[in-house]
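Here are my notes on the structure you sent. They are in numbered points, to be read beside the model.

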Amino acid sequence: MSAVKHDRSGLLPMVCRGAKVTWGAMSYRLITLVLAVIAPIAATAQPCPPHALGTSRILEVDAATFPRIGRKQFPQTLPLQHKELVLTFDDGPIPATTPKALDALKAECVRATFFLLGRNSITHRQLARRILAEGHTVGHHTYSHPNLSKRPFAKALEEINHGFEVDDDAIYGQRRTEPRTPFFRFPGFASTPPLLDALARRRVVVFGADVWASDWNDMTPAAELKLILQRIQAIDHGIVLLHDTRAQTVRMLPEFLRELKKRGYRIVHVVPAGGR
Ligand SMILES: [Zn+2]
C-alpha cells in the first residue's frame, strides 16, 4: 500500500510509491521521468468531461499487508475512505457484453478491475487486451469457473494456475504461473484455508467483495440499479462486485455511474504494489 495522488482529469492518476520527495530536492532526473510518462498520454488521451465520475485515486495493494479483502468473506477490506468504491467485474471477457461495460467506463473515465476467466480470455484475446489497454486492472478468476472448495487441493491449484497462465498468455503473450497482476477471486467465493494459505505464500491478493448487485439473478436493469445503490448506501465504502457478462448489468452501468457521481461517491483504482 502506498500514498496516492489525485489526477484531476480522471485519466492519469499518479502513484507516489512511498518516496518522500520535496521540491527543493527533486532532481532533474525525476522531472524528466514525470514528463516522459505524462507527455505521450497527454498527446493521445481525450480530456475527461467535467461531468464525468472519473477515477479519484490509485491504491497499490500488496498481499503482504492485505492477503485477502472484502468484508463479505474476510475480516478486513481495503483502506477506503468515506464514499470510496472499487469497482470489479467477474467472468468475462465476452463479446456480447464486455465491450459495452468498457464503453460505459470509458465515458465516465472510470478504471475498474476485471477478474477474467481463462477460457474466455484465450477465446477473446483482443477483448482481454482491450481491457488492459484502457487502463483497467486485470485479475484472475480460474480457467473454467469450478467450485474449488469441492476439488482436491492439487486439482484446485491446477485450475487456478491454468487461469493465470492462459490469461497472461492472452494479454501479454507470456505463459506464467506467477501472474503479472497477482489478484485473484474464487468462483462463488468458494475458498478453502489451504488454498488461501497457498495463495498468500505466493503473494497473491484474494479479493472477496463488500457489496454486490446479485446480478446472477434475473432482474430488470432498473431493479438492479435500485438494489445496488441501496446496498452501497448501507456499506458506505468498499469493493463492488458486478458481472460484465450480464446484459442487465451492462445496461444499467451508464446510469449507475452517473448516479454514483450525483451521490458523491469516488472511484478508487486498485493496482498491484510494485508490479512484477
Ligand atoms: Zn464468477
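Which residues have the most contacts inside the largest nonpolar core?

1. They are V205 and V240, in a core of 67 residues. This is a predicted model, and the points below should be read as such. Leaving aside residues up to four places away in sequence, V205 touches V61, A63, F66, P67, I69, P182 and F183. In soluble globular proteins, nonpolar side chains tend to be buried together.

2. Helix α2 spans residues 98-107, and its buried residues are T98, A101, L102, A104 and L105. Viewed down the axis of α2, these fall within an arc of 160°, so they line one face of the helix. The cover over them includes β5 (84-90), α4 (125-133) and α8 (247-262).

3. The angle between the two is about 10°, and their axes are 9 Å apart. Angles under 35 degrees count as roughly parallel, and α2 and α8 are therefore roughly parallel to each other.

4. On the α2 side, the contact is made by K100, A101, A104 and A107, which meet V250, L253, P254 and L257 in α8. The residues of this contact divide into seven nonpolar, no polar and one charged.

5. After α2 comes C109, which has a positive phi, near 55°.

6. Is S214 buried or exposed? S214 is exposed, because 12 other C-beta atoms lie within 10 Å, and a residue with 12 or fewer counts as exposed. S214 sits in the loop between β10 (211-212) and α7 (221-235). From S214 to L241 is 27 residues in sequence, and 8.6 Å in space from C-alpha to C-alpha.

Key
Residues are numbered from 1 along each chain as its sequence is written. This is a predicted model: local features need pLDDT of at least 70, side-chain atom pairs count only at pLDDT 80 or more; totals for chains, interfaces and linings use all residues. A residue is buried if 20 or more other C-beta atoms lie within 10 Å of its own, exposed if 12 or fewer, and partly exposed in between; C-beta atoms are placed from the backbone. Helices (H or I, at least four residues) and strands (E, at least two) are DSSP runs, numbered from the N terminus. The arc is that of the directions from the helix axis to the C-beta atoms. Two residues are in contact if their C-beta atoms, placed from the backbone, lie within 7 Å. A nonpolar core is a set of buried Ala, Val, Leu, Ile, Met, Phe, Trp, Tyr and Cys residues joined through C-beta atoms within 7 Å. Axes are lines fitted to C-alpha atoms, for helices over the stretch in contact, and angles run from 0 to 180 degrees between N-to-C directions. Angles under 35 degrees count as roughly parallel, over 145 as roughly antiparallel, 65 to 115 as roughly perpendicular and the rest as oblique. Ala, Val, Leu, Ile, Met, Phe, Trp, Tyr, Cys and Pro count as nonpolar, Asp, Glu, Lys and Arg as charged, and the others, Gly among them, as polar.
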